[in-house]
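I opened a new page for this chain.

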Amino acid sequence: MLPAALRPDGALRLVIFDCDGVLIDSEGPSCRMIARTLREYGLAISDEDAVRRFAGHALTALKHEIEQAEGIILPDDWPAQMQHNLVTLMRSEAETIDGAPAMLRGVAALGLPYRIGSNSSVMEMEAKFGRTGLDELIAPAHIHSARDMGQPKPDPAVYLAAAKAQDVPPENCIVLEDTDTGARAAQAAGMACVLLRSADLPAPSWPGLLRITHLDQFVPLLRRILDSQKPHGAAHD
């Protein structure tokens with residue numbers, strides 16, 4: 001069955017955004033920085049391969065994946081080192097995904113509250129939002145970090161925490177994600193999910209998973225969902 005957030009007899013009550021790849025264009029700079037570090041440990045990996053392999057992965061899980069796949073041992077504090085370096089990097093290089101500020105304003109104009117649920121740390125997200133000006137649109141109390149919780153996606157904990165903080169049942173939430181890992185977290189949480197992904201790239205499919213190719217499609221999609229749930233077809237402005 002579709003989540004209540006998408007059903008005409010249900011109610012969409014909360015939007016939850018992933019951060020990287022949805023609001024902030026940080027995956028490329030972050031993965032390239034990780035690739036440079038790994039080359040110092042003797043791993044032959046290009047920046048392009050790093051983006052393809054590492055985008056959307058939590059640092060602790062990534063350390064284990066790299067060690068298992070490449071047969072190298074990284075320092076125990078490697079995730080903490082990378083986290084520190086990422087915060088510094090994002091203070092100077094973070095940029096918004098095209099259309100992100102206007103999209104956030106559009107969601108607010110629909111009367112929908114929104115929160116952030118990311119594998120990034122709160123410190124890293126604050127650096128990104130401060131650099132890009134999104135801190136003016138995102139309340140600090142509405143930022144939730146799977147990394148700081150110690151439960152990275154695809155664990156649904158960060159999305160469930162965001163819903164609980166808003167006092168909204170998971171089935172009344174919709175998540176905007178750009179990775180399969182994040183989409184699986186939304187599915188595991190019992191939430192509807194919209195996947196932001198280019199039309200020429202493959203994507204998973206299941207009931208409750210929708211797809212857009214640009215952020216400017218998200219607010220109209222939400223408006224259609226809300227209009228379908230209003231009595232007598234009353235429309236949102």
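My entries follow, starting with the whole chain and ending with single pairs.

**Entry 1: overall build.** I noted at the start that this is a predicted model. I looked up the secondary structure and found ten helices and six strands. I then checked the radius of gyration, which is 18 Å; the globule rule gives 18 Å for 237 residues, so the chain is as compact as a globular protein of that length. I also wrote down the span of the C-alpha trace along its principal axes, about 65 × 35 × 35 Å.

**Entry 2: inside and surface.** I looked up burial and found that 50% of the 237 residues count as buried. The chain exposes about 10,800 Å², and carbon and sulfur atoms supply 52% of that area. For contacts between residues at least 6 apart in sequence, I recorded that 64% join residues at least 24 apart.

**Entry 3: charges.** I found 22 positive and 32 negative side chains. The centres of the two sets lie 3 Å apart. My search of the whole structure for salt bridges gave eleven.

**Entry 4: Asp20 and Lys128.** Which parts of the chain does this pair link? I placed Asp20 in the loop between β1 (14-17) and α1 (27-40), and Lys128 in helix α6 (residues 122-132). The two residues are 108 residues apart, so I noted the pair as a link between distant parts of the chain. Their side chains meet in a salt bridge at 2.5 Å, N to O. Buried means under 20% relative accessible area. Asp20 is buried at 10%, and Lys128 is buried at 0%.

**Entry 5: Arg52 and Asp49.** I found both residues in helix α2 (residues 47-54), three residues apart, about one turn of the helix.

**Entry 6: Glu67 and Lys63.** Glu67 is buried, with a relative accessible area of 15%, and Lys63 is buried at 12%.

**Entry 7: a network.** Last, I looked for salt bridges that share partners, and found Asp18, Lys153 and Glu177 joined into one network.

How values were computed
Residues numbered from 1 in each chain as written. Predicted model: local features only at pLDDT ≥ 70, side-chain atom pairs only at ≥ 80, totals over all residues. Heavy atoms only, no water. Helix = DSSP H or I, 4+ residues; strand = E, 2+ residues; numbered from the N terminus. Rg over C-alpha atoms; globule rule 2.2 N^0.38 Å. Buried < 20%, exposed > 50% of the residue type's maximum accessible area, 1.4 Å probe, protein only. Contact = heavy atoms within 4.5 Å. Areas by Shrake-Rupley, 256 points an atom, 1.4 Å probe, with all protein chains shown as cover. Lys, Arg positive; Asp, Glu negative; His and termini not counted. Charge placed at Lys NZ, Arg CZ, Asp CG, Glu CD. Salt bridge = Lys/Arg side-chain N within 4 Å of Asp/Glu carboxyl O.
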